[in-house]
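Dear colleague,

Please read them with the coordinates open beside you.

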Amino acid sequence: MNSETLIKIENIILQRGGSTVLDIREFQVQQGRILALIGPNGAGKSTLLLMLAGLLKPRQGKLYFQGRPVENRADLAILRRNAAVVFQEPLLLNSSVFENVALGLKFRRLKNEEIRKSVQSALDYFGISQLAKRSAKTLSGGEAKRVSLARAFAIKPQIILLDEAFNSLDPPSRETIIDDLKRILEETKITAVLASHDREETLRLAQDVSVMNSGKIVQSGKTAEIFNQPDSEFVANFVGTESILEGTVKSSNVGLMQITVAGKSIEAVGDFLPGQNVYCCLRPENVTVSNYTHGKMSARNIFEAKVSKIVRQGFFYKLTLDCGFPLVAYITIPSYEDLGIAKGGTVIASFKATAVHVIRREK
Amino acid sequence: MELIVQGIIKAFQLIISFDPEVLGITWLSLKISGTATFISLFIGISLGTAVALTNFYGKRLVISLINTGMGLPPVVVGLFVTIMIWRNGPLGFLEILYTPYAMIIAQAIIATPIVMGISLAAIQNLSPNLRLQILSLGASRLQMVWVLIKEARLPLLAAVMAGFGGVISEVGASIMVGGNIKGYSRVLTTATVMETGKGNFDIAIALSIILLLLAFLVNLILTQIQQRQHPR
């Protein structure tokens with residue numbers, strides 16, 4: 001991992017109309033990484049993005065870009081020139097696609113030939129060179145989003161900031177745009193920060209996650225770490241209780257995959273190619289706990305597990321199981337008593353191959 | 001009824017025969033109102049955009065005042081300008097009362113709030129994030145403002161039409177500060193008022209038709225530009 005810090009903020013406090021919008025002691029983005037800012041509406045994700053883009057000047061606290069403090073207008077202008085924001089709305093101008101993608105390059109007063117080349121390669125990246133001459137206002141939602149992404153990439157920014165950029169898209173175009181973006185970010189090695197409240201989007205794109213709540217960053221870490229080891233109730237509730245397991249597809253046959261997770265093999269429905277890195281997501285209500293293994297079961301995944309944590313949650317127990325990988329299961333109070341479950345005890349955890357939700361993951 | 005028919009016939013005779021006096025009046029009308037509109041565009045678009053893009057204490061009051069100004073009664077403007085440029089007035093030394101210059105000033109004062117109000121609304125109507133988007137692509141403040149004005153060009157063309165329409169048809173201020181002097185400061189509206197007063201309805205009708213045609217032609221051209229740019 002390249003651990004060079006591209007952008008860093010320290011002790012930022014931002015108030016608006018008497019209430020605190022941002023209150024961040026420390027936050028940083030590493031060069032070449034993709035970081036997701038997740039949190040509920042009004043948590044301050046967009047405000048933080050605008051600050052990272054140099055569009056909002058911190059009055060209190062410090063902002064560093066490439067190791068240098070951003071203090072005056074000139075510093076802010078440098079940051080602004082090296083950052084590009086993509087908003088939820090495509091915000092295209094009423095002109096041709098080409099003109100739209102060329103916008104940032106024209107602000108930089110580049111030569112026409114240079115502009116033409118950069119626009120062409122940005123359009124190619126997003127597979128929309130055939131749209132170059134079209135009027136931007138006649139595009140579909142997905143096409144418009146691609147144009148706004150191409151416009152941001154055309155200026156070859158150091159960092160790209162995506163503010164709920166995929167929210168208003170229909171599911172199929174959303175999928176392909178996220179895939180394309182992922183590929184392009186990897187190829188160009190551009191650092192990215194995305195504000196999102198979508199779990200799947202976060203899992204698919206981000207390597208690091210910071211969770212925000214009422215202007216504060218409440219937890220930061222690697223993506224799987226945040227989802228599996230939330231360190232507060234707020235984060236736990238926000239990321240959900242699904243177990244998120246990092247794995248690699250071993251084999252795939254007629255829609256049934258063998259996925260290696262922590263040295264064990266999980267069966268799941270899907271058709272990713274062998275070698276593909278994935279997340280296996282499993283809801284706790286889909287995990288069955290028992291204390292015997294004889295007899296046949298339709299569940300394809302059966303593991304011996306150690307009970308590492310027991311929490312009573314109203315009318316059921318939440319068990320954290322260790323099968324070599326962490327797994328969360330819900331069981332009712334009668335089952336809990338019948339099975340005589342105790343912390344440190346051994347049980348059998350099982351779940352169906354159809355209950356595993358598999359999401360593509362990059363390294 | 002005969003009066004109207006005669007009037008219309010006479011009007012077409014005057015128009016078709018390129019009557020030099022009618023032609024002169026028409027040309028002067030276009031020149032004065034065109035210049036006044038041009039000045040009002042310059043002031044109105046820049047101030048309207050500035051108000052739209054800045055936040056300051058009392059902004060709402062300013063916007064209300066601009067919107068009120070869009071309905072400024074021409075006679076009030078006429079009175080105000082007359083007092084200002086009256087021989088003993090504060091700007092009396094300019095000696096422009098009863099000249100086309102005075103008319104241009106009065107008409108520009110009438111059209112400016114109209115253009116300003118429409119520009120203000122047009123710029124405010126753009127998504128607030130658009131400004132941030134343009135800045136984030138590396139625009140300077142000036143480049144950002146220019147892109148916004150270009151983006152609002154369709155409603156801004158409406159501002160041109162409204163401004164021009166307002167002053168070409170205005171009579172009160174023109175007669176007060178221009179004096180309706182034959183061959184010098186007589187325009188279509190002031191001439192129509194005078195001919196009607198004298199009972200020369202045929203000429204008055206002819207002048208009215210020309211006025212309507214003029215307004216129609218100018219708007220037709222502007223609408224063509226506007227609709228051609230408009231996305232289908």
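Helices here are DSSP runs of H or I with at least four residues, and strands are runs of E with at least two, numbered from the N terminus. Counted in that way, chain B has eleven helices and zero strands, so that its pattern along the sequence reads α-α-α-α-α-α-α-α-α-α-α. Please keep in mind throughout that this is a predicted model.

Taken along the principal axes, the C-alpha atoms of chain B fill a box of roughly 65 × 50 × 25 Å, and 38% of the 232 residues of this chain count as buried. Among the contacts in chain B that join residues at least 6 apart in sequence, 77% are between residues at least 24 apart.

The contact between the two chains draws 22 residues from chain A and 14 residues from chain B. On the side of chain A that touches chain B, H2, E6 and helix H3 (97-107) each contribute at least two residues, and the residues of that side comprise twelve nonpolar, four polar and six charged.

Just after H6(B) comes B:Gly138, whose phi is positive, at about 100°.

Key: Residues are numbered from 1 along each chain as its sequence is written. Chains are lettered from A and ligands numbered from 1 in the order in which they are written. This is a predicted model: local features need pLDDT of at least 70, side-chain atom pairs count only at pLDDT 80 or more; totals for chains, interfaces and linings use all residues. Two residues are in contact if their C-beta atoms, placed from the backbone, lie within 7 Å. Ala, Val, Leu, Ile, Met, Phe, Trp, Tyr, Cys and Pro count as nonpolar, Asp, Glu, Lys and Arg as charged, and the others, Gly among them, as polar. A residue is buried if 20 or more other C-beta atoms lie within 10 Å of its own, exposed if 12 or fewer, and partly exposed in between; C-beta atoms are placed from the backbone.
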